[in-house]
Amino acid sequence: MKFFVDTADIEAIRELAATGLLDGVTTNPSLIAKSGRDFKEVTAEICKLVDGPVSAEVVALDHATMMKEAEVLRKIADNVCIKVPLTVDGLKTCKALTGEGTMVNVTLCFSANQALLAAKAGASFISPFVGRHDDNGFDGMDLIEDIRLIYDNYSFATEILVASVRHTTHVLQAAKIGADVMTAPPKVIHDLFKHVLTEKGIEGFMKDWAGTGQSIL
Ligand code: E4P
């Protein structure tokens, strides 16, 4: 499963990119606002930090303006992936852009039928929001299972990008279902490294090693 980080925080991206485990980045208008940075400038910086797809979202609601915005955004770098909302205009834009060889991430997906539409529109990625789904009394992971089944039934190439990830259990469940990608805030990715027995084990080994009085270097 590919790991994307869901942030526009340059330092957080730099730190995770250094682990070699980062396959891409997703941003959205709220994350850009949170960063306090200029959208195009920060997107260009992010694109230099990772080789994989960097999602940059259009903010227009009509197809013609979405295309104009996409034109500006895709010129920033070769790894820009245009993010469009799951609307009629968004999917028209998706079809046009993927037809021209530009990666497209269709966002704000909350049903398997919507995911089916996005795949038919040639989306590179579909982003079902599991956390927001859970918040509203549904099971986000049921949605991922349904999309996996449908995409496999028809061998759609669209990658399932599990979004709105809130905790490490979401990551585990997404991997068990066979989602292609997950995007999570930096904290959730850091939490994946943690286990109380790992920490306890290191503590024990360090104590015993100190008792030997030896040094490797
Ligand atoms: C995905 O691309 C979105 O940016 C993101 O996962 C939304 O997450 P949220 O529901 O925590 O805002």
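Helices (H or I, at least four residues) and strands (E, at least two) are taken here as DSSP runs, numbered from the N terminus. The structure is a predicted model, in which local features need pLDDT of at least 70 and side-chain atom pairs count only at pLDDT 80 or more, whereas totals for chains, interfaces and linings use all residues. Residues are numbered from 1 along each chain as its sequence is written, and side-chain values use heavy atoms, with hydrogens and water left out.

Salt bridges were defined as a side-chain nitrogen of Lys or Arg within 4 Å of a carboxyl oxygen of Asp or Glu. The count by this rule is 13. Residues were classed as buried under 20% relative accessible area, exposed over 50%, and partly exposed in between (1.4 Å probe, protein chains only).

One of the salt bridges links R148 to D152, with the closest N and O atoms 3.1 Å apart. Both residues belong to helix α8 (residues 140–154), where they are four residues apart, about one turn of the helix. R148 is buried, at 13% relative accessibility, while D152 is partly exposed, at 47%.

A salt bridge is also found between D191 and K187, whose closest N and O atoms are 2.6 Å apart. These two residues are separated by about one helical turn because they stand four residues apart in helix α10 (residues 186–192). K187 has a relative accessibility of 58% and therefore counts as exposed. Elsewhere, salt bridges that share partners join E71, R74, K75 and E100 into one network.

The side chains of E71 and R74 are joined by a polar contact of 2.6 Å. Polar contacts are pairs of N or O atoms within 3.5 Å; within protein, one atom must be able to donate a hydrogen and the other to accept it, and residues adjacent in sequence count only if both atoms are side-chain atoms. E71 is eleven residues from I82 in sequence, and the C-alpha atoms of the two are 9.4 Å apart in space.

A further salt bridge pairs E45 with R37, at 2.5 Å between the closest N and O atoms. E45 is partly exposed, with a relative accessible area of 32%, and R37 is partly exposed as well, with 27%.

A polar side-chain atom of R132 is 2.7 Å from an oxygen atom of the ligand. For S164, an N or O atom of the side chain lies 2.7 Å from a ligand oxygen, and for R166 the corresponding distance is 3.1 Å. On its own the ligand has 350 Å² of accessible area, of which the protein covers 86%. Accessible areas come from the Shrake-Rupley method with a 1.4 Å probe; for residues, only the protein chains shown count as cover.

On the surface, L21, L192 and F193 form a nonpolar patch with about 280 Å² of accessible area together. Patches consist of residues with over 30% relative accessible area and no salt bridge, like charges being joined within 9 Å and nonpolar side chains (Val, Leu, Ile, Met, Phe, Trp, Tyr) within 5 Å. L21 is placed in the loop between α1 (10–17) and β2 (24–26). With a relative accessible area of 46%, L21 is partly exposed.
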